[in-house]
Amino acid sequence: MPARLFLSSGDLVADRRFDFARDLQLKGDLVAAADLLLQATELAPRFASAWFTLGEIRQQLGERDAAIAAFQAAREADPEDRHGASLHLMLLGAERLSSMPQAYVRALFDQYAPKFEAALVDDLDYRGPALLFKAVLTARNAVRKPAFFKHALDLGCGTGLAAAAFAREVDHFIGIDLSPRMIEKARLTGLYEQLEVADMLHGLRGRPDASADLVIAADAMVYVADLLPVLQEVRRVLVGRGLLAFTLETHRGEGVILGEGLRYAHGAAYVRRSIEDAGLALSLLENSSARNEDNTPGPGLLVVAATR
Ligand SMILES: C[S@@+](CC[C@H](N)C(=O)[O-])C[C@H]1O[C@@H](n2cnc3c(N)ncnc32)[C@H](O)[C@@H]1O
């Protein structure tokens with residue numbers, strides 16, 4: 001896990017109360033920790049980290065209404081919502097499902113970047129890039145076309161693990177990612193001709209029509225609630241008979257939900273419909289998991305779609 005985000009209140013005493021509260025929280029004394037956090041917020045009413053932690057503790061204590069109030073205060077104190085209080089409000093059913101705060105994703109992966117590969121590959125047995133690679137080869141074989149691509153886009157490229165898997169089959173890679181620190185790591189690989197710090201939808205919108213023959217997104221669409229706008233842009237930037245391959249987390253029900261791991265899970269029917277509505281043709285949709293949760297593969301989907 002990345003280091004926990006801490007935004008100082010600017011008040012030394014309030015910050016110290018917060019530190020004590022965290023110690024107590026980690027030792028399991030949740031009631032005393034909540035009390036100290038309340039003191040900290042009395043000293044510094046716009047102390048987002050204290051409100052957010054208080055929200056988590058109230059949630060752990062089963063105090064739903066108080067947890068909601070604390071998460072709302074955290075977001076008011078930090079409207080960018082770097083802690084992701086809105087995600088907890090969604091999980092608590094206090095708000096409708098909506099997109100992830102970009103500042104939250106950026107802060108999360110900026111903190112994650114130094115140990116990302118070890119954490120994902122070693123601890124979670126991450127296999128997203130290998131799954132995409134195999135699926136793209138299969139899709140190309142099925143239409144008797146070689147699996148070589150001139151221009152590929154890597155959405156949510158992270159440190160570049162997916163580009164590494166495709167390196168021999170792609171002439172020019174462009175990577176797009178919200179996190180500057182992840183992009184710094186990707187730059188060090190030397191695999192990308194161009195790297196852009198941007199939300200994938202905005203990054204795609206800046207690209208010319210029919211300018212890529214492959215688009216991949218390994219373990220990145222799990223941070224996107226509504227797939228349709230991204231898929232529509234992908235269709236526009238792909239050449240005819242271009243390919244899109246991505247991994248998702250999924251659930252048995254309808255539509256999109258936010259999972260306990262704070263990533264979206266997209267239902268299979270929703271994915272089919274979105275691909276169709278975007279004007280793409282589905283080549284492959286199979287149950288396949290890109291990473292483990294608690295040492296077991298979580299429910300996932302592997303998706304390949306093509307332009308007509
Ligand atoms: C779990 S990592 C996967 C990275 C890489 N694709 C890989 O396979 O190792 C998810 C990445 O997606 C990026 N990301 C999440 N939401 C994004 C968005 N809306 N636009 C661009 N990048 C995003 C994150 O910053 C992070 O680097």
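# Report on a predicted protein chain

Strand β4 (residues 212-217) and strand β5 pair in the parallel sense over five bridges. Two strands are said to pair if DSSP finds at least two bridges between them. Helices (H or I, at least four residues) and strands (E, at least two) are DSSP runs, numbered from the N terminus. Within this pairing, valine 215 stands opposite leucine 244 in β5.

The structure is a predicted model, in which local features need pLDDT of at least 70 and side-chain atom pairs count only at pLDDT 80 or more, whereas totals for chains, interfaces and linings use all residues. Residues are numbered from 1 along each chain as its sequence is written, and side-chain values use heavy atoms, with hydrogens and water left out.

## The chain as a whole

The chain contains 13 helices and 11 strands. Its C-alpha atoms fill a box of roughly 65 × 40 × 35 Å along the principal axes.

Of the 308 residues, 54% count as buried. Buried means under 20% relative accessible area, exposed means over 50%, and partly exposed lies in between (1.4 Å probe, protein chains only). The accessible surface of the chain comes to about 14,500 Å², and 50% of it belongs to carbon and sulfur atoms. Such areas come from the Shrake-Rupley method with a 1.4 Å probe; for residues, only the protein chains shown count as cover.

Among contacts in the chain with a separation of 6 or more, 62% are accounted for by residues 24 or more positions apart. A contact means heavy atoms within 4.5 Å. The chain carries 34 positive and 41 negative charges, and their mean positions are 6 Å apart. Here Lys and Arg count as positive and Asp and Glu as negative, while His and the chain ends are not counted. The place of a charge is taken as NZ of Lys, CZ of Arg, CG of Asp or CD of Glu.

Strand β5 is largely enclosed by the rest of the structure, because nine of its 12 residues are buried. Besides its parallel pairing with β4, strand β5 (residues 238-249) runs antiparallel to β11, to which seven bridges join it. Strand β8 (residues 281-287) also pairs with β11 in the antiparallel sense, over six bridges.

Leucine 302 in β11 takes part in both pairings: threonine 247 stands opposite leucine 302, and leucine 302 is the bridge partner of glutamate 286. Strand β11 (residues 300-306) is mostly covered, with seven of its seven residues buried. In a regular strand the side chains alternate between the two faces of the sheet. In β11, Gly300, Leu302, Val304 and Ala306 point one way and Leu301, Val303 and Ala305 the other way, all of them buried.

## Individual residues

| Residue | Relative accessibility | Class |
|---|---|---|
| Serine 86 | 7% | buried |
| Leucine 262 | 14% | buried |
| Glutamate 169 | 17% | buried |
| Aspartate 125 | 41% | partly exposed |
| Arginine 235 | 43% | partly exposed |

Serine 86 belongs to helix α5 (residues 85-91). Apart from its neighbours within four places in sequence, serine 86 is in contact with Arg75, Asp81, Glu95 and Pro101.

Arginine 235 lies in helix α12 (residues 228-237). Arginine 235 and threonine 307 are 72 residues apart in sequence, yet 6.4 Å apart in space from C-alpha to C-alpha. Leaving aside neighbours within four places in sequence, the contacts of arginine 235 are Ala278, Gly279, Leu280 and Thr307.

Glutamate 169 has its place in the loop between α9 (161-166) and β2 (170-177).

Two loop residues have a positive phi. Aspartate 125, in the loop between α7 (116-123) and α8 (128-142), has a phi of about 50 degrees although it is not a glycine. Leucine 262, in the loop between β6 (256-258) and β7 (264-266), has a phi of about 60 degrees and likewise is not a glycine.
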